[in-house]
Amino acid sequence: MQPIGVCVIGAGDLGRKHAECWQQVEGAELAATVDIQEDRAKAAYADFGFPAWFTDYREGLQQPGVDVVSVCVPNYLHSEMSVAAMDLGYHVFCEKPIATTIDGAKAMIAARERNGVKFGVALCKRFWEPGRKIAQLVNDRTIGRPTMYRVVSGIEIRYKSWIHDKVMSGGPLVDIGPHYFDQWRQLFKSEPTTVMAMGQTFSAGAAELAGIDSEIDTATIIVQFASGDIGMLSLSWGLPRGTSTSSVEHIMGPDGVIELIEGERVVLRTREEEETVLERAENDMYVDEIAAFAAAIREDKPPFASGEDGLAALRVSLAALESVKTGQVVKLNS
Ligand SMILES: NC(=O)c1ccc[n+]([C@@H]2O[C@H](COP(=O)([O-])OP(=O)(O)OC[C@H]3O[C@@H](n4cnc5c(N)ncnc54)[C@H](O)[C@@H]3O)[C@@H](O)[C@H]2O)c1
């Protein structure tokens, strides 16, 4: 079996997770770790046995034996680094969101096309067991169609302040939104057509975000799909320290309800019946997504989530921000 040499850019939480997951892929060999913070690059080098560490990603990309690059840095760097890696002929597995701008995402897709490499976006929720169970129930028409998928979730201001920054992240709607928007596209097998949202910046003026130009962190977003299905995400990442809501997910249909309880247990309610259809996920979706991307390389097949999928999800995030800021309903014509 040909080895797959891996360069991981970013040695924060997700970079370390990617390294751990690549270690579990048969034939994968860690080749280089990169982080602009030297202590983080060195820690990953020591903890995962990378043969080399760098603080400049361009040097990491020159390390011999690299075939694939995991991009695990703040969102605004995804496009630049992915394009640079693809232009050197490497496959790229980039964390979500694909990018912070439409142009950035399109540049990544263009780089894939001109270099004939694999480019996947780490929309790991596709391997999330409760989501798969919900998709099966909806597609079996257990609760009827069309449906309305409602998510309510509120958490405290993020400790990683860059997540709130307009430029570095695009804010929570761009950072976390794509997981939901991609899930709904997959679930409904349909494209989003209309987005309306209202929101606020709860964290504006928060002492822990001093110096950060905070993007909207709290919104209720309604997405209409061509299929008639509706997604609603009511989210805050701007609550005070130590504060959160319980997380609620309901999928309502004309013939019943599916409820996800605390992100784990999937309950189906139809006429006078209630059944727990999944107690908890047994898999690690990060391990599964990296195994799937490695298989796409080895078997020369499309990755499970393409650049186009990443772009479609990003379009909804950006439309939601636009809707909050303009007070208008935004029509998508993807
Ligand atoms: N798929 C998921 O479920 C999931 C979960 C969390 C984060 N993410 C995504 O993963 C990415 C990384 O998030 P994280 O939580 O690991 O953040 P993090 O802050 O823990 O790590 C990011 C790392 O990138 C490094 N970095 C910044 N600029 C750099 C540069 N120019 N060159 C090299 N390194 C640089 C930072 O020093 C830091 O160590 C983000 O895009 C985030 O949205 C995905």
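Trainee: How many nonpolar, polar and charged residues does the shell around the ligand have?
Mentor: This is a predicted model, in which local features need pLDDT of at least 70 and side-chain atom pairs count only at pLDDT 80 or more, while totals for chains, interfaces and linings use all residues. Residues are numbered from 1 along each chain as its sequence is written, and side-chain values use heavy atoms, leaving out hydrogens and water. Ala, Val, Leu, Ile, Met, Phe, Trp, Tyr, Cys and Pro count as nonpolar, Asp, Glu, Lys and Arg as charged, and the others, Gly among them, as polar. Sorted in this way, the shell has 12 nonpolar, 6 polar and 7 charged residues.

Trainee: Which residues around the ligand come nearest?
Mentor: A residue is near a molecule if one of its heavy atoms lies within 4 Å of it. Of the 25 residues around the ligand, those that come nearest are Asp-35, Arg-40, Asn-75, Lys-160 and Asp-175.

Trainee: What percentage of the ligand's own accessible area does the protein cover?
Mentor: Asn-75 has a polar side-chain atom 2.6 Å from a ligand oxygen atom, and for Lys-96 such a distance is 3.1 Å. Accessible areas come from the Shrake-Rupley method with a 1.4 Å probe. Of the 850 Å² that the ligand has on its own, the protein covers 88%.

Trainee: What share of the residues in the protein is buried?
Mentor: Buried means under 20% relative accessible area, with a 1.4 Å probe and protein chains only, whereas exposed means over 50% and partly exposed lies in between. Among the 334 residues in the protein, the buried share is 54%.

Definitions and conventions. A polar contact is a pair of N or O atoms within 3.5 Å; within protein, one must be able to donate a hydrogen and the other to accept it, and residues adjacent in sequence count only if both atoms are side-chain atoms.
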